[in-house]
Amino acid sequence: MTNTIALVDDDQNILTSVTMALEAEGFDVRTYKDGEEALRGLSQRPVDLAVLDIKMPRLDGMELLQRLRKSSTVPVIFLTSKDDEVDEVLGLRMGADDYIKKPFSQRLLIERIRALLRRQDLAADEANPTSDAIITRGDLVLDGARHMCTWKGRPVALTVTEFLILRALSSRPGHVKNRDQLMDAAYGDSVYVDDRTIDSHIKRVRKKFKAIDDAFNEIETLYGIGYRYREPG
């Protein structure tokens, strides 16, 4: 099945060159010149993955992501300025799955897109949904076959990366997962991300659960070591 990619950037050269590269790899591509145009288009015609520039007129990438996350968990890769760490951290905390710094190689972008789509398939576990796709830990239920998460019966909308991190932690309550292990679980061994990327995802997962249950404290931080899902007691 052909995957459809949304490419949102106000730089026409990037839209043209990246579209040609993606189409040559067999992707369907929809291009948008700014956030407002993209928001309208994505609301009417969902895609499998979105690549968003951060700095755009009318509606920037941050605001676009924030609005998309109200109704969609579509995987998102941010294109960020070369040395703008603030953009990266904010983007991850708002629900982006990955980021690439400009200037970037088209081959790197294609590899990141393929990796993220593979992770989405892994999270869904469509190939063998009857094995151990459903994880139940007290009030937490993770259904890999349908990419659904609930806490105390209420749905929690997680991105692909957030889902994979939570699944890695909750699969073995009480066992510590260091950041490298969580990187492998969420990104695979073909993609490197630094420590603050995992920390940002963890913070966002906690925030989503606390919005439902202020007493949520199942994910424990072991400073200098990693994280663990609280063992039922």
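Modeller: A term is needed at the start: two strands pair if DSSP finds at least two bridges between them. Keep in mind that this is a predicted model.

Now the hairpin. Strand β6 covers residues 134-137, and strand β7 covers residues 140-143. The two run antiparallel, joined by 4 bridges. That count meets the pairing rule of at least two bridges. I134 stands opposite D143 in β7. Between β6 and β7 lie 2 residues, which make the pair a hairpin. G138 sits in the turn, with a positive phi of about 65°.

Next, a residue that touches this region. T150 belongs to strand β8, residues 148-151. Its contacts include D139, L140 and V141. T150 also touches P155 and V156. Residues up to four places away in sequence are left out of that list. Is T150 buried or exposed? T150 has 18% relative accessibility, so it counts as buried; the cut-off for buried is under 20%.

Finally, the setting. The protein has 8 helices and 11 strands. Of its 233 residues, 51% are buried. The protein exposes about 11500 Å², and carbon and sulfur atoms supply 47% of that area. Among contacts between residues at least 6 apart in sequence, 60% join residues at least 24 apart.

Technical notes: Residues are numbered from 1 along each chain as its sequence is written. This is a predicted model: local features need pLDDT of at least 70, side-chain atom pairs count only at pLDDT 80 or more; totals for chains, interfaces and linings use all residues. Side-chain values use heavy atoms; hydrogens and water are left out. Buried means under 20% relative accessible area, exposed over 50%, partly exposed in between (1.4 Å probe, protein chains only). Contact means heavy atoms within 4.5 Å. Accessible areas come from the Shrake-Rupley method with a 1.4 Å probe; for residues, only the protein chains shown count as cover.
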